[in-house]
Amino acid sequence: MIQISEPEERNRTFRVGPIRPPSEADSLLLQVTNGCTWNKCRFCTIYKDTTFKAFSADSVKQDIDTIAAYAQQVRAYRSLAGLWDIDGLNEHLSRLVSDEERQCFYMVANWLLRDGENVFLQDGNTTALSSGRLSDVLIYLKQVFPQIKRITSYGRAENLSRHDAAYFAELKEAGLDRIHSGYESGSDEVLQLINKGVTSEQEIRAGRNIKAGGIELSIYFMPGIGGKDLTVQNSEGTARVIREVQPDFLRIRTAAIKPGTELYGMYESGDYSLCSDDDKVREIRRVIELTEGVTTTLVSDHMVNLLQEVNGSLSGNPGDSDRAEMLQLIDDYFAMPETDRRVFQLLRRTLRAYSPSDLENLTAAQWQQLRDAVRDDPPDVWDAKMNDYICRYI
Ligand code: SF4
């Protein structure tokens, strides 16, 4: 039985880092580290002003105790029948003194109202910690909150590649269920271009060991990150890594080249050409083509992706494969004339359409107006415009 100290003896707030995967939107966020151990990827600005710090197990446990105190307060507003007194929760929230306390109470309430079963460990590279320190935190977390069913974390591929399957098996035993890793590409040329600090062989080794240790693996692929010069390498290299590793999930994160990044500087100086939306969709199609039979599920769960409906199992097994449907969605998109693809890109990037099928709702007058608005831009100008739009979403 875990002893939890009384509220007045405990810190009033707990730490929360800046990012989490979209699939962890309903998860409790528990910060175990701050920042990223690498911090040199040429497309990334998230932790540019943050020096990496790993918190001690005692310090994280103190945060867990603080969360437990908030959970106790929140649960007081649930009836024996399991119904929540939302007005009471809101009234409690309004009585809290500081913004930080309100944020902490809100996060715990939001988590418990959504079953309180999933936790995401932040920040960018939690698995830089020794398995002992991480296991200590995981075990304590599950003791304090026995209802937890899934604990996940980010891990940087190069760092993950230094650990063997036994390391991951120990973390699995302690409670870690899934690792999210931003592979971005499986092409060594692209990985060098973006200064990812990892090779495709390290990605494969890391992925295989994670899976052998019994932990689910969710990797991220960035269509278009290699620019026009490396668009073929990006898709074919990534497909090779997927075939070798067979991650549980392949999550699509369409490349957005943000002003202020090194890659954007290379674009401005003419050393990097932005991929078009069509290039990026072609890369996804090629990856699907080249990965038939893997046990991976392709997931499109971010608004930067153009064709959100391209989702599903990559296995070629009749009955459980979505390959044909995904390829058909892409082929239907390319069957549209280029001007109409631009119309869809514009509407999608400005959140006025979700799927190409939404274009069926446009009137003849709207079509005319939109086609006139998009057709004259030269390709490089259009591609830069679309890049600007998606940069707003990251
Ligand atoms: S490893 Fe991830 S968090 Fe770190 S710099 Fe690269 S993209 Fe950013």
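Modeller: Ala, Val, Leu, Ile, Met, Phe, Trp, Tyr, Cys and Pro count as nonpolar, Asp, Glu, Lys and Arg as charged, and the others, including Gly, as polar. This is a predicted model: local features need pLDDT of at least 70 and side-chain atom pairs pLDDT 80 or more, while totals for chains, interfaces and linings use all residues. Residues are numbered from 1 along each chain, and side-chain values use heavy atoms, without hydrogens or water.

Colleague: How many nonpolar residues are in the lining of the largest cavity?

Modeller: A cavity is a set of points on a 1 Å grid where a 1.4 Å probe fits but cannot get out, and lining residues have an atom within 4 Å of a point. Here 14 residues line the largest cavity, with Ile252, Ile284, Asn305, Leu306 and Leu307 nearest its centre. Besides 3 polar and 3 charged residues, the nonpolar ones number 8.

Colleague: Which helix gives the largest share of that lining?

Modeller: Helices are DSSP runs (H or I) of at least four residues, and strands (E) of at least two. The largest share, 4 residues, comes from residues 277-290, helix α11.

Colleague: Is Ser153 buried or exposed?

Modeller: Ser153 belongs to strand β5 (residues 150-154). Beyond four places in sequence, Ser153 touches (heavy atoms within 4.5 Å) Phe120, Leu121, Thr126, Leu176, Arg178, Ile179 and His180. Because its relative accessible area is 1%, below the 20% cut-off, Ser153 is buried.

Colleague: How many charged residues are in the shell around the ligand?

Modeller: Residues around the ligand (a heavy atom within 4 Å) include Asn39, Lys40, Arg156 and Lys196. With 5 nonpolar and 1 polar in this shell, the charged residues number 3.

Key:
1 Å grid on protein atoms, 1.4 Å probe; cavity = no way out; pocket = protein on both sides within 12 Å on 5 of 7 lines; lining within 4 Å. Buried < 20%, exposed > 50% of the residue type's maximum accessible area, 1.4 Å probe, protein only.
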